Amino acid sequence: MKARRALIIGGSLGGLFAANLLRMIGWEVDVYERVADDLAARGAGIATHDEMFDTLRRLGVVIDDTIGIKVSDRVFYDSNGKVIATLKVNRYMSSWVRFYRPLKDLLPEKNYHFGMNFTRFEETPEGVTAHFSDGTRASGDLLIGADGIWSAVRAQWLPEVKPEYAGYIAWRGMVEERDFPPKLRGEIVPIHTFCLPEGQYMLTYPVPGQDDDTRAGYRRTNFVWYHPVLPEKLTELCTDASGKCHGVAIPPHLIRKAFIDEMRAFSRAHFAPQIADVVDLTQQPFFQAIFDCASPHIAQGRVALLGDAAFVGRPHAGMGTTKAALDAQYLIDALIAANGELAPALVDYNESRCLFGNRLVARNRWLGAHMSAHLSKPKSQRTPDELAHRPPDVTMREFGAKLCDIADLAPIARRQQ
Ligand SMILES: Cc1cc2nc3c(=O)[nH]c(=O)nc-3n(C[C@H](O)[C@H](O)[C@H](O)COP(=O)(O)OP(=O)(O)OC[C@H]3O[C@@H](n4cnc5c(N)ncnc54)[C@H](O)[C@@H]3O)c2cc1C
């Protein structure tokens, strides 16, 4: 039987998981990525879940202690720098590139196409054709939209589905371990810290350093600070010194100095001094506006959406890359269960992954409700979730929960054989 061919739009983790898993079951695959250069320069730190490691193992990727920094302690600081709660955990914190590299290396170079900007698809009973902005096209049996939150595949298919602004941004940054003064290094670098003055949510955690180095002395501390910002202020933040507005995502080096100074001053006034020091030590802070998105369906005909193109939860569960891995794994397992028949496999995929995606979006809205309401609603009008005075130990457990411990997600994370 002739091998079938999948066209995968988007060459980040979701696209790479799908491509490699499909190859394992005999499909030909081609990945089309809009960005022209290798994506390895993307520097974000990420929380991980064991379920993503299982998918990587299935692909033959070795999971050992080099996969990230093993964190055993969570510490909750009050605004004066006093420890008010601690929690023992066992989690690996890592970086996006630590997973991108092995997944990319598994795929033959000839099947990964950089600089290919997908514009639209055409579907017939015989196949599906993707069109790119340079005028080229490619045809196959299945098109997978793994092109992220602003998915062009989804926009053609479901133009009414738009990502929804959560009402806050995430300031982020990284500090090299060697740049910490000795006392602060011990207090911060190996630890997953939390600090939550009203309406804010700040966490720091260690991630591998240059070339995925996990050794003490060579690690980095990553901070993620969720900070309420009204839509009009977001537009200002995304406007550079020349007056050009960059939509909802401005390149870090163009963020105006006045906003970075304002951000550092806010952090000094509201966070534990140790945490404000981390913000000050960060040379190039940047921010991402937080959106979420839910699609009414994610597979139809010869097209399927996966990862952030399908559903985006706000990032509080630290699960976006794990969800992308599990989407890809589910799709492949559904194809295996349907003896390779596309139509029943996509019905199965659509039903189950919509259930998972909707629950993930809802959980993360619940976790972030107090930040969404912080500037947009007077206290008297807020719901109990929006007022959210969770005790520190509960906060550390809920925000950093493992997927296997989340009662409404764990049983539907994977396809039951
Ligand atoms: C503040 C923040 C913190 C986060 N923390 C975590 C965490 O701790 N743990 C975790 O697991 N996840 C985390 N995430 C989420 C995670 O980054 C995403 O869920 C994950 O990257 C989704 O992967 P993806 O492959 O679906 O999409 P993306 O990584 O967005 O990739 C989409 C790809 O498609 C390409 N593309 C887009 N349009 C086109 C086009 N027209 N043609 C061709 N290619 C195109 C893009 O260039 C990109 O490479 C966080 C996100 C944010 C914002």
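**Notebook: helices, ligand and sheets**

I began at the end of helix H2, which is followed by Gly60, a residue with a positive phi near 90 degrees. Helix here means a DSSP run of H or I with at least four residues, strand a run of E with at least two, both numbered from the N terminus. Before going on, I noted that this is a predicted model: local features need pLDDT of at least 70, side-chain atom pairs count only at pLDDT 80 or more, and totals for chains, interfaces and linings use all residues. Residues are numbered from 1 along each chain as its sequence is written, and side-chain values use heavy atoms, with hydrogens and water left out.

**Entry 1: H2 and H3**

I looked up which residues of H2 (50-58) are buried, and found Glu51, Met52, Phe53, Thr55 and Leu56. Buried means under 20% relative accessible area, exposed over 50%, and partly exposed in between (1.4 Å probe, protein chains only). What do these buried residues pack against? I get helix H1 (13-24), strand S3 (45-47), strand S5 (83-95), helix H3 (96-106) and helix H9 (320-337). Contact is taken as heavy atoms within 4.5 Å.

H3 came next. Eight of its eleven residues are buried, so H3 is largely enclosed by the rest of the structure. My list for H3 reads Trp96, Val97, Arg98, Phe99, Tyr100, Pro102, Leu103 and Lys104; Arg98 and Lys104 are on it despite counting as charged. The buried residues of H3 pack against H1, S3, H2, S5 and S6.

**Entry 2: the ligand**

How many residues surround the ligand? I have 31, and the closest are Ser12, Gly14, Glu33, Ala47 and Thr321. To be near, a residue needs one of its heavy atoms within 4 Å of the molecule.

I then went through polar contacts, meaning pairs of N or O atoms within 3.5 Å (within protein, one must be able to donate a hydrogen and the other to accept it, and residues adjacent in sequence count only if both atoms are side-chain atoms). Ser12 puts a polar side-chain atom 2.7 Å from an oxygen atom of the ligand. Arg34 uses a polar backbone atom, 3.1 Å from a ligand nitrogen atom. For Asn117, a polar side-chain atom lies 3.2 Å from a nitrogen atom of the ligand.

Taken alone the ligand exposes 1000 Å², and the protein buries 88% of that. These areas come from the Shrake-Rupley method with a 1.4 Å probe; for residues, only the protein chains shown count as cover. Elements giving two or more residues to the shell are H1, S3, strand S11 (164-176) and H9. H9 gives the largest share, three residues.

**Entry 3: the sheets**

Two strands pair if DSSP finds at least two bridges between them. I traced an open sheet of nine strands with mixed pairing, in the order S3-S5-S4-S12-S13-S14-S11-S15-S18. S3 and strand S18 (311-312) are at the edges with a single partner strand each, so one side of each has no neighbour in the sheet.

S3 and S5 run antiparallel and are joined by three bridges, with Gly45 partnered by Ser95 in S5. Strand S4 (69-77) is also antiparallel to S5, over eight bridges, and Val71 stands opposite Arg91 in S5. S4 and S5 form a hairpin with five residues between them, and Gly81 in the turn has a positive phi of about 95 degrees. S11 and S14 pair antiparallel over nine bridges; Tyr226 in S14 is the bridge partner of Ala170.

I found another open sheet, six strands in the order S6-S2-S1-S10-S17-S16, again with mixed pairing. Its edge strands are S6 (112-113) and S16 (299-300), each pairing on one side only. Two bridges join S2 (28-32) to S6, and these run parallel. Tyr32 stands opposite His113 in S6.

Most residues other than glycine have a negative phi. I checked Asp211, which has a positive phi of about 55 degrees. Asp211 sits in the loop between strand S13 (201-207) and strand S14 (220-228), and is exposed at 64% relative accessible area. Asn339 has a positive phi of about 50 degrees. The loop between H9 and helix H10 (342-376) holds Asn339, which is exposed at 75%.
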